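Here are a few exercises to work through with the model open in your viewer. Try each task before you read its solution.

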Amino acid sequence: SRKTARNGPLRLAEKLKRIRESLGLSQSEMVKRLEAEDLITRTHIANYERGEREPTLPILLRYARLVNVYMEVLVDDELELPAELPVKEENRR
């Protein structure tokens, strides 16, 4: 099994990558879209997507808000991201 930060969610990395790809953004553009230039770099995004690091809770919240899903969907391995991202408000859950 793949080693994850703090034995965290096994699927977080793939979900974060899928969010970025669904928005059609590069890793550098993702930092800007998260409005996190003062907090993280493109390297952080790469590390999140490889499962080598986990984002802080505030960064994770920014990811969730960007595509209009609950943070729980990101961190619970049992839950799937919606097929269509970002989610429209009326289809949130």
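Contact here means heavy atoms within 4.5 Å, and helices are DSSP runs (H or I, at least four residues; strands are E, at least two), numbered from the N terminus. You're looking at a predicted model, where local features need pLDDT of at least 70, side-chain atom pairs count only at pLDDT 80 or more, and totals for chains, interfaces and linings use all residues. Residues are numbered from 1 along each chain as its sequence is written, and side-chain values use heavy atoms, with hydrogens and water left out.

**Exercise 1. Work out which side of α4 is buried, and what covers it.**

Step 1: pick out the buried residues (under 20% relative accessible area with a 1.4 Å probe, protein chains only; exposed is over 50%, partly exposed in between). In α4 these are Ile 59, Leu 60, Tyr 63, Ala 64 and Val 67.

Step 2: check their directions, taken from the helix axis to the C-beta atoms. They cover an arc of only 140 degrees, which puts them on the same side of α4.

Step 3: look for the cover. The buried residues of α4 are covered by elements including α1, α2, α3 and α5.

Step 4: walk off the end of the helix. Asn 68 follows α4 and has a positive phi, near 60 degrees.

**Exercise 2. Describe how α1 and α3 cross, and which residues meet.**

Step 1: The axes of α1 (residues 12–22) and α3 (residues 42–50) come within 6 Å and cross at roughly 130 degrees.

Step 2: classify the angle. Under 35 degrees is roughly parallel, over 145 roughly antiparallel, 65 to 115 roughly perpendicular, and the rest oblique; α1 and α3 are therefore oblique to each other.

Step 3: list the partners. Ala 13, Leu 16, Lys 17 and Arg 20 of α1 meet Ile 45, Tyr 48, Glu 49 and Arg 50 of α3.

**Exercise 3. Summarise the whole chain: how many helices and strands does it have?**

Step 1: count the elements. There are five helices and zero strands.

Step 2: Of the 93 residues, 43% count as buried.

Step 3: get the extents. The C-alpha trace spans about 35 × 30 × 20 Å along its principal axes.

Notes:
Axes fitted to C-alpha atoms, helices over the stretch in contact; angles between N-to-C directions.
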